[in-house]
Amino acid sequence: MLPELGHFALILALLLAGLQAFFGLAAPALGRDRWLAAVVPATAGQAVMVATAFACLVASFVRFDFSVAYVAQNSNSALPLVYRIAAVWGAHEGSLLLWIVLLACWTVAVAFGVARMPVRFGARVLGVLGLVSFGFLLFTLATSNPFLRLDPAAPDGRDLNPLLQDPGLAMHPPLLYTGYVGFSVAFAFAIAAMLEGRLDQAWARWTRPWTLAAWAFLTLGIALGSWWAYYELGWGGYWFWDPVENASFMPWLVGTALIHSLSVTDKRGLFKSWTLLLAIVAFSLSLLGTFLVRSGVLVSVHSFAADPARGVFILAFLVIMIGGALTLYAWRAPLLKSDAGFEFASRESFLLFNNILLVIAAATVFGGTLAPLISDSLGLGTLSVGPQYFNPTFLLPMLPLIALVAIGVHANWKRGRLQARKRPVVVAGLAGLAVSAALVFGYYAGRPGLALVSFALGAWLVLSSLVDPVDRLRRGLTLPRAIVGMTLAHVALGVFVIAITAVETYTAERDIALARGETAHVGGFDFRFEGIDAIEGPNYDGVHGVVQVLRDGQPVVTLHPEKRRYLVQQSVMTEAAIASQAGRDLFVALGDDLGAGRWSLRIQIRPLVNYVWIAAALMALGGLIAASDRRYRPSRVPAAEPVATGQGSAA
Amino acid sequence: MTPRRRRLVLVLAILAGVAIAGTLALQAFRENVMFFFDPTQVAKGEAPKGERFRLGGMVEKGSVVREPGKLEVQFVVTDFQRSVPVHYAGVLPDLFREGQGVVAHGKLGADGVFTADEVLAKHDENYMPPEVTRSLKSPAQPAGSARPSTPAVAPQG
């Protein structure tokens with residue numbers, strides 16, 4: 001009964017999304033103001049129906065309803081409750097439904113937000129969101145219905161892919177999708193502004209908190225995915241330039257450009273059409289990411305079974321949404337003139353270069369991700385593009401960007417008077433260089449070169465970002481949340497750069513064969529293999545190795561890398577054992593029984609790797625803090641907005 | 001600077017930046033892209049000698065040889081027409097198995113042995129890299145090797 005109810009709710013949601021789109025877009029266009037009243041009820045109805053459908057699918061999983069094909073394929077009677085719930089988005093159909101649920105959540109939040117904005121503008125925003133939702137609901141119902149029944153019902157399920165039975169992965173898709181989908185809000189605001197033919201600073205101020213929140217969630221989602229890949233895939237890397245990783249990273253890069261461009265549009269009324277374009281591109285890349293992942297055109301650990309019909313549908317949807325948006329842009333953007341000027345060393349210039357570099361970085365990732373696809377379809381041979389391409393081409397725009405941020409945070413709006421701030425910038429730069437030299441020649445002792453440069457840049461950014469806020473605090477001024485958030489994100493970026501540099505330069509790794517009692521020496525630590533024990537879990541059995549880690553003869557920690565055999569799918573999974581210390585991770589993965597009492601082990605020592613994710617989480621936190629600034633809270637009297645927000649930290 | 005000149009400078013700077021980035025990206029691309037070859041192409045001498053490439057196919061049944069207790073392993077990658085011996089010293093992925101699809105990154109030696117520095121078997125038992133599927137699509141494929149087709153996600157709708 002429940003699956004049918006869910007299916008029915010999805011159909012109703014489709015109809016309501018259609019109404020939401022129709023009334024939201026047609027009412028302002030045709031001047032039928034009476035229709036405007038229908039937009040919010042349609043939105044609310046759609047959200048309720050989507051939530052109902054989602055609840056039905058969750059209930060089917062929780063109650064082991066193996067008569068539902070999707071449940072039978074992705075669950076099992078031995079699967080623990082928490083993973084039965086996570087299994088809802090463990091494969092294609094359910095993750096699409098998750099996409100739609102999160103879109104509904106954003107839409108409801110936006111409906112509350114736009115209640116304080118001009119009513120026709122708000123209707124258009126909700127209308128565009130309804131259109132997006134309509135497309136995805138149609139896609140789900142037409143090609144990927146999760147509620148299809150199996151006849152006869154399966155006696156038991158085929159189990160969730162063991163890789164996905166992990167707390168990190170349970171949370172990764174919801175966070176990532178919250179970010180992806182969040183860019184649809186910026187997109188809807190952009191389309192609504194173009195339909196209105198009016199884009200002012202108030203528009204940018206309305207759009208900023210939504211974009212910041214979406215960006216923060218996307219940051220968290222990507223970081224969580226990277227963390228999961230690190231400890232679960234058992235390869236010991238944290239970023240593989242895998243097409244699906246790239247698919248989430250491209251919207252992030254463009255989204256980062258967007259939040260900075262929005263700040264210029266907000267504060268100075270400049271970059272209007274550029275901001276619009278970025279909003280369109282950020283969402284387009286989110287859609288493209290969905291297309292790349294869902295259609296199976298790209299080879300990746302993440303790709304689900306390919307189904308050409310799905311690919312064609314998403315492609316058509318992509319063409320309609322992006323093509324429509326760009327057409328509207330070509331028609332309306334030339335009308336948006338901004339006549340304010342700015343000097344060369346002003347903050348506007350720095351943010352312009354920030355945008356250019358971020359877009360270039362996104363473009364190189366885009367090229368590398370799509371090149372195999374293009375080469376293949378043109379019959380130029382099957383090629384693959386890996387870190388050897390991405391690392392240098394990505395670094396190229398990023399290193400100057402870090403330097404620009406370190407200087408740019410001191411630039412003033414409009415006026416290019418950096419001279420006055422020269423001292424703190426230079427002092428921070430010299431201090432950064434000193435830190436870098438201490439790390440390279442002192443602590444890590446070796447391999448200068450690029451590491452020297454990027455350690456210095458990272459440290460410079462951290463110190464330089466702190467100068468201004470510390471100065472304000474010392475003068476007894478309070479810090480508005482926007483500045484707290486910005487500072488936190490920039491400091492986190494500096495920490496991120498330092499951490500990545502340390503991992504990339506000073507990782508020690510070795511694959512080695514060890515018998516009981518033998519020791520491997522890797523990066524200053526001794527790893528003594530002490531044999532194998534049998535283990536048993538709820539839905540798997542297997543073995544774990546016992547590895548004693550010593551430093552200078554003193555025991556540090558005992559690691560238990562596991563080799564699990566999941567009983568239902570009979571698949572073998574490596575569970576690496578990781579000991580996190582303040583300055584490094586000790587990583588051991590158990591390989592195979594090589595015979596003669598020996599096992600293969602993969603041993604890695606990765607300095608500062610934890611700070612990669614900590615920094616990403618802090619960046620996201622900075623985004624959320626900035627999004628909660630008073631300035632963005634819609635006031636009923638917009639004219640009374642004060643220019644400076646001195647007392648922003650209250651509530 | 002007048003607004004017009006400033007705009008000109010900006011536009012030129014942007015163009016120069018884009019041009020430099022584009023050139024360097026293309027350069028990096030040309031040097032670092034890896035091509036895929038199947039054993040038949042390798043046997044025909046189409047694969048570059050002394051350059052890294054991806055070799056894909058099936059791990060031939062009964063071909064995995066390892067001296068007990070040694071990390072080094074040898075196996076044969078086949079597309080059921082020709083085959084290439086592969087050497088690898090390292091931890092094999094969980095899903096590496098005889099009779100399963102595999103992709104190896106490495107270089108071909110003068111002796112015709114492929115020395116791999118990375119071996120990939122995808123994280124889905126029924127998954128087969130598309131290149132491998134394509135190169136295996138040949139009438140010569142013996143019936144014994146055809147596995148029952150049980151797609152991970154059954155086609156629906």
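How many bridges join strand 10 (residues 584-595) of chain A to strand 11 (residues 598-607) of chain A, and in which sense do the two strands run? The third view below gives the answer. This is a predicted model, in which local features need pLDDT of at least 70 and side-chain atom pairs count only at pLDDT 80 or more, while totals for chains, interfaces and linings use all residues. Residues are numbered from 1 along each chain as its sequence is written, and chains are lettered from A and ligands numbered from 1 in the order in which they are written.

**View 1. Domain 1 and domain 2 of chain A.** The domain assignment, whose bounds come from an automatic or database source, divides chain A into domain 1 (1-160), domain 2 (167-335 + 346-386), domain 3 (397-506) and domain 4 (508-609). Taken over C-alpha atoms, the centres of domain 1 and domain 2 of chain A are 22 Å apart. Between these two domains, 25 residues of domain 1 are in contact with 26 residues of domain 2, two residues being in contact if their C-beta atoms, placed from the backbone, lie within 7 Å. On the side of domain 1 of chain A that touches domain 2, the elements giving two or more residues are helix 4 (81-86), helix 5 (92-114) and helix 6 (119-143), and helix 6 provides the largest share, 10 residues. Helices (H or I, at least four residues) and strands (E, at least two) are DSSP runs, numbered from the N terminus.

**View 2. Thr207(A) and its surroundings.** Thr207(A) lies in helix 8 (residues 201-232) of chain A, and it counts as buried because it has 27 C-beta neighbours inside 10 Å. A residue is called buried if 20 or more other C-beta atoms lie within 10 Å of its own, exposed if 12 or fewer, and partly exposed in between, with C-beta atoms placed from the backbone. Leaving aside neighbours within four places in sequence, Thr207(A) is in contact with Ala186(A), Phe189(A) and Leu262(A).

**View 3. An open sheet in chain A.** Four strands of chain A form an open sheet in the order 2-11-10-9, with antiparallel pairing, where two strands pair if DSSP finds at least two bridges between them. The edge strands, each of which pairs on one side only, are strand 2 (508-515) and strand 9 (577-580) of chain A. Strand 10 and strand 11 of chain A are joined by 9 bridges and run antiparallel; within this pair, Leu586(A) has Ile605(A) as its bridge partner in strand 11.

**View 4. Strand 3 of chain B and its partners.** Strand 3 (residues 72-78) of chain B has 5 of its 7 residues buried, so this strand is largely enclosed by the rest of the structure. Strand 2 (residues 53-59) of chain B is joined to strand 3 by 2 bridges and runs antiparallel to it, and the partner of Met58(B) in strand 3 is Thr78(B). Strand 3 also pairs in the antiparallel sense with strand 4 (residues 83-89) of chain B, over 7 bridges, and here Thr78(B) has Ser83(B) as its bridge partner in strand 4. Strand 3 and strand 4 of chain B form a hairpin with 4 residues between them, and in the turn Phe80(B) has a positive phi of about 75°.
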